[in-house]
Amino acid sequence: MYDIFGKYGAIRQIRVGNTPETKGTAFVVYEDIFDAKNACDHLSGFNVCNRYLVVLYYQSLRAFKKTDTEKKKQELDQMKSKYGLATPENK
């Protein structure tokens with residue numbers, strides 16, 4: 001990873017996914033935003049070991065959107081049970 005991404009600038013850190021949900025993903029953090037843009041522009045679609053890289057910018061709002069949705073659903077279910085409300089799926 002350092003060999004491939006390091007060609008585009010100084011890297012602060014690389015975090016590789018180690019759970020079943022994050023397997024095959026990694027976060028590469030550059031010291032400079034312009035180096036990150038350059039790497040993103042040049043490495044998206046790059047072939048490594050017969051696999052193509054998909055390089056995207058990190059978007060915190062999208063990353064936590066699924067978690068927020070699940071949390072809201074849990075809160076809604078708690079409120080329904082607290083006030084004795086039943087929905088067709090809960091009956």
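## Overall fold

Helices (H or I, at least four residues) and strands (E, at least two) are taken here as DSSP runs, numbered from the N terminus. In this predicted model, the chain holds three helices and four strands. Their order along the sequence is α-β-β-α-β-β-α.

The chain has 91 residues, and 12% of them count as buried. Its accessible surface is about 8100 Å², with 56% of that area belonging to carbon and sulfur atoms. Among contacts with a separation of 6 or more, 25% come from residues 24 or more positions apart.

## Helix α2

Helix α2 spans residues 33-43, and its buried residues are Ala36, Ala39, Cys40 and Leu43. Viewed down the axis of α2, these buried residues fall within an arc of 100 degrees, so they line one face of the helix.

What do the buried residues of α2 pack against? Their partners are α1 (2-5) and β2 (26-30). Just after α2 comes Gly45, which has a positive phi of about 95 degrees.

Is Tyr83 buried or exposed? The relative accessibility of Tyr83 is 54%, and the cut-off for an exposed residue is over 50%. Tyr83 therefore counts as exposed.

Technical notes. Residues numbered from 1 in each chain as written. Predicted model: local features only at pLDDT ≥ 70, side-chain atom pairs only at ≥ 80, totals over all residues. Heavy atoms only, no water. Buried < 20%, exposed > 50% of the residue type's maximum accessible area, 1.4 Å probe, protein only. Arc of directions from axis to C-beta. Contact = heavy atoms within 4.5 Å. Areas by Shrake-Rupley, 256 points an atom, 1.4 Å probe, with all protein chains shown as cover.
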